[in-house]
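Okay, thanks for coming, everyone. I've got one model to show you, so let me put it up and we'll walk through it.

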Amino acid sequence: MIIPEITYHPNGNKLSEAYYLNNNLHNDQGIAYSTYNQNGNKISEGYYLNGRLHNASGPAQIIYDENGNKYSGNYYLNGEWLRGVHSLEELKRYIKLNNIS
């Protein structure tokens with residue numbers, strides 16, 4: 001059973017939102033962990049499966065600027081950082097070349 005956990009800043013705005021399975025960050029339907037600044041803008045988000053960063057359809061770790069705009073993203077599969085992958089097209093190519101389903 002997936003267990004949600006939400007924390008809040010003292011001003012009432014959301015600080016973080018996380019989803020756990022067996023005490024590991026996990027969400028096979030989307031984002032497993034997000035953080036927010038005091039103004040409510042998203043700071044970061046991560047896609048996790050069984051406690052490991054993983055997203056076969058985009059960056060698994062995304063960082064936002066102070067206004068909540070996407071700043072950067074890192075690609076991971078099964079917890080492995082894909083250093084040479086910097087776009088969705090490169091991710092698809094990596095998956096195909098390495099026969100990952």
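Let's start inside: the largest nonpolar core has seven residues, namely Ala18, Leu25, Ala32, Tyr48, Leu53, Ala60 and Tyr76. By nonpolar core I mean buried Ala, Val, Leu, Ile, Met, Phe, Trp, Tyr and Cys residues joined through side-chain atoms within 4.5 Å. Buried is under 20% relative accessible area, exposed is over 50%, and partly exposed is in between, with a 1.4 Å probe and protein chains only. There's also a second, separate core of six residues, with Tyr75, Leu77, Leu82 and Val85 among them.

Quick housekeeping: this is a predicted model, where local features need pLDDT of at least 70 and side-chain atom pairs pLDDT 80 or more, while totals for chains, interfaces and linings use all residues. Numbering runs from 1 along each chain as its sequence is written, and side-chain values use heavy atoms, leaving out hydrogens and water.

Now, serine 16: buried or exposed? Serine 16 is buried, at 9% relative accessibility. Leaving aside neighbours within four places in sequence, its contacts (heavy atoms within 4.5 Å) include Glu5, Ile6, Tyr33 and Tyr36.

Last stop, asparagine 22 and asparagine 23. Most residues other than glycine have a negative phi. Asparagine 22, though, has a positive phi of about 55 degrees, and asparagine 23 has a positive one too, near 65 degrees. Asparagine 22 is exposed, at 66% relative accessible area, and asparagine 23 is exposed as well, at 75%.
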